[in-house]
Amino acid sequence: LFSPIEMAPRDPILGLNEAFNADTRADKVNLGVGVYYDENGKVPLLRAVQTAEEARVAEHAARAYLPMEGLAPYDQAVQTLLFGTDSPLLQSGKLITAQALGGTGALKLGADFLYRLLDKRLVAISDPSWENHRALFEAAGFEVVNYPYYNPTTHGVDLEGMLQGIEALPEGSVVLLHACCHNPTGADLSFADWTRVIDVVQRRKHVPFLDIAYQGFGDNLQDDAIAVRLFAESGLPMFIASSFSKSFSLYGERVGALTLVTESKVESAMVMSQLKRVIRTNYSNPPTHGAKVVAKVLTDPALYELWEEELAEMRDRIRLMRQALVEKLKAAGVTSDVEFIQHQRGMFSYSGLTQLQVATLAEDFGIYAVGSGRICVAALNHGNIDHVANAMAQVLLT
Ligand code: PMP
């Protein structure tokens, strides 16, 4: 049965972790991860999460199944977080949300649902994008193409290229967009840029699919949702995949959600009934714990405030590390432009390091980054930043 099976290619990032774990150098650093580490190099347990968990354990609640679409207070809280407390959409009946297994699960639900819905199964993702976007949509049966996104010369978004790329797609294509803190580049669109993107998406009758995995890591919870809110104002139907893995530091609990904006209450009922079929035939219903915890934090004013403070702490620490890295690179003699590292947003920096330089960093210094040059700034701390900056300076200067 299994004899024709060949070894699947190694996941580039998980492969990197294996190489990192096998490295015996004491000062090794893993910048390849997609996880926020605190100043002590640990994945934090947020105080807001801990408090909500303690309250939940004290309830000694029985573990019945959740409905297919998940916990209702959670789904509602996700909508409020996305659209804002004052959004008329909240009461419109046009929103449906299904709790999902992380952001990945939300994307997969959306992809499976769209596959059933559309005749033209074409999705366009940014060049570059989170590496799982392509694989996930291909596995769901889509053809995946790229639209231009990153300009390595300016270290920013190639907006004109992006607009032209989206314009040129066949009408009715699915366009996957990173709502904030673009992974892997850290380069985001401005308010004005978004209005232009929305205009093209609308004109070409494309289907917008927003991926929001880092809400709160850019500026704050409100401003980071600007793309979602502008699309909502445009009145377009859309898909949104939320992830709370990073913002609640709940990676292993798999807390995410898929939200759809439909055109009417009647439509919502029908869409939800079909979405439930996708859920039922995949995993039947989602797990309880993470959603209970997140719903508690999002709906309890004191815990919400605490969570916002903790999110700000994470965001500010990343900014501090960006600034320190730039300063230390310059102090180590790097004269090329590195300021852009400070302006990129979210957990990552597209550092501009070449594949060869990344290999040298691993081999000579025990510093592991993704081959594309993506480094996780959230993995830097005061204990490892000098080693990283000096090593980066050495490879950049040779
Ligand atoms: N989208 C993007 C852009 C991401 O970076 C990630 C996680 N790295 C995800 C989705 C998936 O999130 P989750 O871990 O919640 O599945």
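Trainee: How many Å separate the centres of domain 1 and domain 2?

Mentor: Domain bounds come from an automatic or database domain assignment. Here that assignment gives domain 1 (12-45 + 306-397) and domain 2 (64-287), and their centres, taken over C-alpha atoms, are 28 Å apart. Mind that this is a predicted model: local features need pLDDT of at least 70 and side-chain atom pairs count only at pLDDT 80 or more, while totals for chains, interfaces and linings use all residues. Residues are numbered from 1 along each chain as its sequence is written.

Trainee: And how many residues does the contact take from domain 1 and from domain 2?

Mentor: Two residues are in contact if their C-beta atoms, placed from the backbone, lie within 7 Å. By that rule, domain 1 puts in 20 residues and domain 2 puts in 21 residues. On the domain 1 side, α11 (301-331) and β11 (348-350) are the elements that give two or more residues; helices (H or I, at least four residues) and strands (E, at least two) are DSSP runs, numbered from the N terminus.

Trainee: Which residues touch the most other members in the largest nonpolar core?

Mentor: The general idea is that in soluble globular proteins, nonpolar side chains tend to be buried together. A nonpolar core is a set of buried Ala, Val, Leu, Ile, Met, Phe, Trp, Tyr and Cys residues joined through C-beta atoms within 7 Å. Buried means 20 or more other C-beta atoms within 10 Å of the residue's own, exposed means 12 or fewer, and partly exposed is in between, with C-beta atoms placed from the backbone. The largest core here has 116 residues, and Leu 210, Val 228, Val 294 and Met 347 touch the most other members. Helix α11 gives the most to this core, nine residues, and each of domain 1 and domain 2 supplies at least three.

Trainee: What about Ser 284, buried or exposed?

Mentor: Phi of Ser 284 is also positive, near 70°, in the loop between α9 (265-282) and α10 (289-299). Ser 284 has 10 C-beta neighbours inside 10 Å, so it counts as exposed.
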